[in-house]
Amino acid sequence: MSVRRVVPNLQSTALPRSAEFYEVLGFEEVMNHGWIVTLASTENPTAQLSLISEDRTAPVAPDLSIEVEDVDAAYAAMRERGAEIVHPLTDEEWGVRRFFVRDPNGRVVNVLSHRR
């Protein structure tokens, strides 16, 4: 399994103010869907964090996102393992294929790949 990046998803009730706070620390906005804003380091673009008020297409907001090379293989591996799938494998309109799985500590993990 090849991991491309890991992004913490921070719950926020004040997305614009939260984004401004992290921009002072060297982040810039790289994605904004209104309900989720992703910020990346200006020096190291794979160092990212997302601010999320809710997830508009899933039942819960994930705690972190892991971008993998092959999301279908990751989904099959988690199902084979018997992990709790919180949100099924889905093609989202913004260009990702993803699913949510609960880790042993109860954290919800958004596992995704960008569609090509």
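Visitor: Is glutamate 67 buried or exposed?

Guide: Glutamate 67 is buried, with a relative accessible area of 8%. Buried means under 20% relative accessible area, exposed means over 50%, and partly exposed lies in between (1.4 Å probe, protein chains only). The model is a predicted one, in which local features need pLDDT of at least 70 and side-chain atom pairs count only at pLDDT 80 or more, while totals for chains, interfaces and linings use all residues. Residues are numbered from 1 along each chain as its sequence is written, and side-chain values use heavy atoms, with hydrogens and water left out.

Visitor: With which residue does glutamate 67 form a salt bridge?

Guide: A salt bridge is a side-chain nitrogen of Lys or Arg within 4 Å of a carboxyl oxygen of Asp or Glu. The partner of glutamate 67 is arginine 4, with 3.8 Å between the closest N and O atoms. Because glutamate 67 belongs to strand S5 and arginine 4 to strand S1, the pair ties together parts 63 residues apart in sequence. Arginine 4 is partly exposed, at a relative accessible area of 36%. Arg4 and Glu67 also belong to a salt-bridge network with Arg5 and Glu69.

Visitor: How many salt bridges does a search of the whole structure find?

Guide: The search finds 11. One of them joins the side chains of aspartate 55 and arginine 98, at 2.8 Å from N to O. Aspartate 55 sits in the loop between S4 and S5 and arginine 98 in strand S7 (residues 96–102), so this pair ties together parts that are 43 residues apart in sequence. Both of these residues are buried. Glutamate 54 and arginine 56 also meet in a salt bridge, at 3.0 Å; here glutamate 54 is partly exposed at 37%, and arginine 56 counts as exposed at 53%.

Visitor: Which strands pair with S1, and in what sense?

Guide: Two strands pair if DSSP finds at least two bridges between them. S1 (residues 3–11) and S5 (residues 64–68) are antiparallel, over 5 bridges, and valine 6 has isoleucine 66 as its bridge partner in S5. S1 and S4 (residues 48–52) run parallel and are joined by 3 bridges; there asparagine 9 stands opposite serine 50.

Visitor: Which residues of helix H2 are buried?

Guide: In an α-helix there are 3.6 residues a turn, so residues three or four places apart point the same way. In H2 (residues 71–81), the buried residues are Val71, Ala74 and Tyr75. Their arc around the axis is only 100°, which puts them on the same side of H2; the arc is that of the directions from the helix axis to the C-beta atoms. The cover over these residues includes S5, S6 (85–91), S7 and S8 (108–114), where contact means heavy atoms within 4.5 Å.

Visitor: What lies just after H2?

Guide: Glycine 82 follows, with a positive phi of about 85°.

Visitor: How many helices and strands does the protein chain have?

Guide: Helices (H or I, at least four residues) and strands (E, at least two) are DSSP runs, numbered from the N terminus. The chain has 2 helices and 8 strands, in the order β-α-β-β-β-β-α-β-β-β from the N terminus. Its C-alpha trace spans about 45 × 30 × 25 Å along the principal axes, and buried residues make up 40% of its 116 residues.
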